Amino acid sequence: MRNLPELAECIDRLHATGGRHPDWLPGLTLSRATRVTEPLSDVTRPVLALIAQGAKRTVLADRVYDYQAGQYLIATVDLPLSAQVTRATPAEPFLGLGLPLNEHLIADLLLETGAPPPGSPDDNSGIVVSDADNDLVDAVVRLLRLAERPQDFAVLGPAAEREIHWRLMNGAHAATVRRIGMTGSRVSLVGRAVRWLAEHYDQPIRIADLAGHVGVSVPTLNRHFRAVTAMSPLQYQKQLRLQRARVELLAAPGDVAAVGYAVGYDSPSQFSREYRRLFGVPPGQDTKRLLSSGADTSPVGA
């Protein structure tokens with residue numbers, strides 16, 4: 001792809017000066033790694049994750065997505081993901097970015113342009129991976145270039161962001177992206193459900209209450225939720241709890257039992273058992289390993 005080197009150069013330069021969540025575009029993440037990283041977990045928002053150099057692996061429940069330079073991953077709802085850089089060296093570092101997808105912008109574009117084009121591939125999963133075309137990469141490069149000209153960015157940045165969304169809405173997974181902005185779509189329904197779970201992740205929940213909140217039956221909720229997230233609502237809540245616990249332990253290592261209680265577990269032994277089942281080792285050991293390895297804690301979608 002002709003413009004990948006230019007994209008890599010932009011990310012490398014801006015990462016050195018702007019880092020994560022630059023002020024000029026809140027929510028954007030720029031990632032750089034010079035070695036293969038440990039798998040790390042986080043809950044990602046709807047995002048476009050585009051790789052300019054290197055490769056990455058993202059895991060959602062039992063689904064594995066490998067993607068590399070010139071490819072992108074789209075997450076359509078808030079998802080508990082695990083991700084790691086799988087190809088990076090000091091000579092050729094991993095370079096990637098994560099751009100939040102704006103459901104309101106997608107909805108506006110749908111209203112302006114009408115229904116999705118006929119025959120668009122449709123994917124029920126909350127994640128898709130695809131090759132990026134030159135038009136999409138060119139639009140991303142223009143957006144990043146504007147970062148170095150704040151006055152221009154204030155005027156032209158929204159247009160570049162709008163073009164990126166439009167390219168995705170007409171790309172290889174047009175229907176999947178367009179559903180993000182459709183109020184009555186499966187993605188929208190599951191999005192409402194996961195936001196409710198995020199607000200109540202540390203509390204006991206009843207699936208009937210969640211189904212009532214989003215306005216569907218329990219069987220309908222379970223069917224749509226599993227199709228998009230690859231797990232049930234209760235499994236999703238468990239992933240949220242454990243991933244929040246991991247973040248807390250990395251930020252402030254200390255009382256493992258207290259962290260377990262804080263995320264909703266009544267028993268330290270149950271917390272430790274389920275943590276080990278998800279991450280492979282007990283919480284205290286996992287924290288020590290990640291801290292000693294100097295793990296990169298950038299968001300997994302980037």
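A crossing of two helices is left-handed if the near helix is turned anticlockwise from the far one by less than a right angle, and right-handed if clockwise. The structure is a predicted model, in which local features need pLDDT of at least 70, side-chain atom pairs count only at pLDDT 80 or more, and totals for chains, interfaces and linings use all residues. Residues are numbered from 1 along each chain as its sequence is written, and side-chain values use heavy atoms, with hydrogens and water left out.

Helices (H or I, at least four residues) and strands (E, at least two) are DSSP runs, numbered from the N terminus. The chain has twelve helices and nine strands. Its C-alpha trace spans about 55 × 50 × 30 Å along the principal axes. Of the 302 residues, 49% count as buried, that is, under 20% relative accessible area (1.4 Å probe, protein chains only).

Helix H2 passes helix H4 in a right-handed crossing. Contact between them, meaning heavy atoms within 4.5 Å, involves the residues below.

| Helix | Residues in the contact |
|---|---|
| H2 | Leu105, Ile106, Leu109, Leu110, Glu112, Thr113 |
| H4 | Glu161, Arg162, His165, Trp166, Met169 |

These residues divide into six nonpolar, two polar and three charged; Ala, Val, Leu, Ile, Met, Phe, Trp, Tyr, Cys and Pro count as nonpolar, Asp, Glu, Lys and Arg as charged, and the others, Gly among them, as polar.

Leu95 lies in strand S8 (residues 94-100) and is buried, with a relative accessible area of 3%. Leaving aside neighbours within four places in sequence, Leu95 is in contact with residues including Ala8, Ile11, Ser31 and Ile51.

Key. Buried < 20%, exposed > 50% of the residue type's maximum accessible area, 1.4 Å probe, protein only.
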